[in-house]
Amino acid sequence: MEPVGADARAAVDEHWRCAIARCRARASNGAMTACDVAVARARERRGGGRGVFATRAFERGECVMIERALVGAQHEENVKHARACENCHRYVGTVSSAVGRRLLEKYANAAPPKPTTREDLVKLASGEATLPGADAFDGPREVGCLGACARNVYCSEACASEAWRERESLMCPGEKGMATNKRALDEFYAHARETNDIFILAAKAVATMCARASRASARDRDDGSSGKEIERDASAAEDFARLPFAVVANAPWWESVATPHDCEDERAEMEFRTTLRTLAQDSLDLLRSAWGETANAWPRFFTLETYGRLIGAFELNNLELVVESPVENYFLAIDAAPDGEEKRAAMRVTQPLLDALDTEYDIPLLGSALFSVQSGFNHDCDPNCEPMKGEEDIDGACVIIARRDIAAGEELTISYVSDEASKSRDERNDELCDYGFVCRCERCENELREQRSRKR
Ligand SMILES: [Zn+2]
Ligand SMILES: [Zn+2]
Ligand SMILES: [Zn+2]
């Protein structure tokens, strides 16, 4: 899907420059600064593909990059645990009401454990009662969706209008949403919830492309002078809109997913891949009927190939979206408070709630997201960078930290394998199957040499 030709290459370079310009880094004194990385061709070891490079030296522990998601979505089943801004994934509302709401849902069909009563929970959920000292952990007040849906909330007017402009006008099931067939849109969401909520992320990407393309062609119509940046014709507007998604590694979802271990033979594998393809086709059909006119205006965004490659891109590049829960932070702070009457009084209120929440008290916000520059980081089994968020990182942005001192010009790498340090070369490569390559990093090569010399 990556565009070719000299013009296209210039457009790709320009895309990376803009994407990096939108990233930030955090200096050791906490101030936000520009991000000092570049995207370039990587060395042969990486098959000549793209990589991200340091344009200055970094010290171990230093923040290399903070990037907002190109598109992100909270997992559907996680929504009951975390009420967050649809746009930046920051928690919204108060800790007290979050606890009340969660417990009311958990004990919808049974009495909550004593001494807590349903009335206590209703008061917490509605804001009539608050937990001692919890206000320090509260998020911003909830702002409703511009389309008046019950589905999404926002942390600010700015996030609500940005989301509306970028994708929510199409995604919104509310009465002011632009979908021409609301029933099909509801069916689309239901299908995604029943099968795989990655379709919601894919739909958000398609909506973003439609919005970008519409804006580009409107600019062309209104203002002849912008013709330099964006060609007049719709196909150029389409190329422009697709670019951020086209440049990330992608392959059709049903081809790129690794074969499940329970597939016994080739026929079972074929069936598995056909099922994925059919699921994607059903999902896309619902989306196309939900968005009638828009889908007709930008037919290239609604082919099964494009849809499949978007989902494939999420599989290949997705970084888990995680935001720490303020509810957990509140309970931890109570626990860590110095002993005394104040702490004992607080705990008399919080302990029964904590017991009622049981293992659920620390569930964070979880989802999937695609990040432009982060997706350009290559894998290494002993990477020099890692994604790691600090206390101040309260939204869904991806934060990359240097794991050791890095020289200017060095390629920046992360591990695509979880807990890579404790895993053998075979175990690591087993996980890398999903990405379609065998790792040739220094650590892998060293371990391979050791293995061979032991065999001799
Ligand atoms: Zn927000
Ligand atoms: Zn909405
Ligand atoms: Zn390796």
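Modeller: Happy to! Leaving out residues up to four places away in sequence, Phe 245 touches Ala 205, Met 209, Leu 310 and Ala 313; two residues count as in contact if their C-beta atoms, placed from the backbone, lie within 7 Å. This is a predicted model, in which local features need pLDDT of at least 70 and side-chain atom pairs count only at pLDDT 80 or more, while totals for chains, interfaces and linings use all residues. Residues are numbered from 1 along each chain as its sequence is written, and chains are lettered from A and ligands numbered from 1 in the order in which they are written.

Phe 245 sits in helix H7, residues 234–246. Helices (H or I, at least four residues) and strands (E, at least two) are DSSP runs, numbered from the N terminus. With 25 other C-beta atoms within 10 Å, Phe 245 is buried; the word applies at 20 or more such atoms within 10 Å of a residue's own, with C-beta atoms placed from the backbone, whereas 12 or fewer makes a residue exposed and anything in between partly exposed. Leu 70 is 175 residues away from Phe 245 along the chain, yet their C-alpha atoms are separated by 8.7 Å.

Now for the nonpolar interior. In soluble globular proteins, nonpolar side chains tend to be buried together. A nonpolar core here is a set of buried Ala, Val, Leu, Ile, Met, Phe, Trp, Tyr and Cys residues joined through C-beta atoms within 7 Å. The largest one has 95 residues, and the members touching the most others are Val 37, Val 64, Ala 202, Ala 203, Val 206, Leu 370 and Val 373. Helix H6 (residues 198–222) supplies the largest share of this core, 13 residues. At least three core residues come from each of domain 1 (6–68 + 373–415) and domain 2 (179–317), where the bounds are from an automatic or database domain assignment. Ala 203, for its part, touches Met 171, Phe 188 and Leu 287, again not counting residues up to four places away in sequence. There is also a second, separate core of 15 residues, with Ala 98, Leu 131, Ala 134 and Leu 353 among its members.

Moving on to strands, E6, E10 and E9 form an open sheet in that order, with antiparallel pairing; two strands pair if DSSP finds at least two bridges between them. E6 and E9 are at the edges with a single partner strand each, so one side of each has no neighbour in the sheet. From one strand to the next, the twist averages 30°, using axes that are lines fitted to C-alpha atoms (for helices, over the stretch in contact) and angles from 0 to 180 degrees between N-to-C directions.

Strand E10 (residues 365–370) is largely enclosed by the rest of the structure, because five of its six residues are buried. Four bridges link E10 with E6 (residues 71–74), and Gln 74 has Gly 367 of E10 as its bridge partner. Towards E9 (residues 319–323), E10 makes five bridges in the antiparallel sense. Here Leu 319 has Ala 369 of E10 as its bridge partner, while Val 323 stands opposite Leu 365. Leu 321, also in E9, is buried, with 26 other C-beta atoms within 10 Å. Beyond its neighbours within four places in sequence, Leu 321 is in contact with Gly 72, His 89, Leu 366, Gly 367, Ser 368, Ala 369 and Gly 396.

For a contrast, look at helix H15 (residues 442–455). None of its 14 residues is buried, so H15 lies largely in the open. From first C-alpha to last, H15 reaches 20 Å, close to the 20 Å expected at 1.5 Å a residue; that expected span is 1.5 Å times one less than the number of residues.
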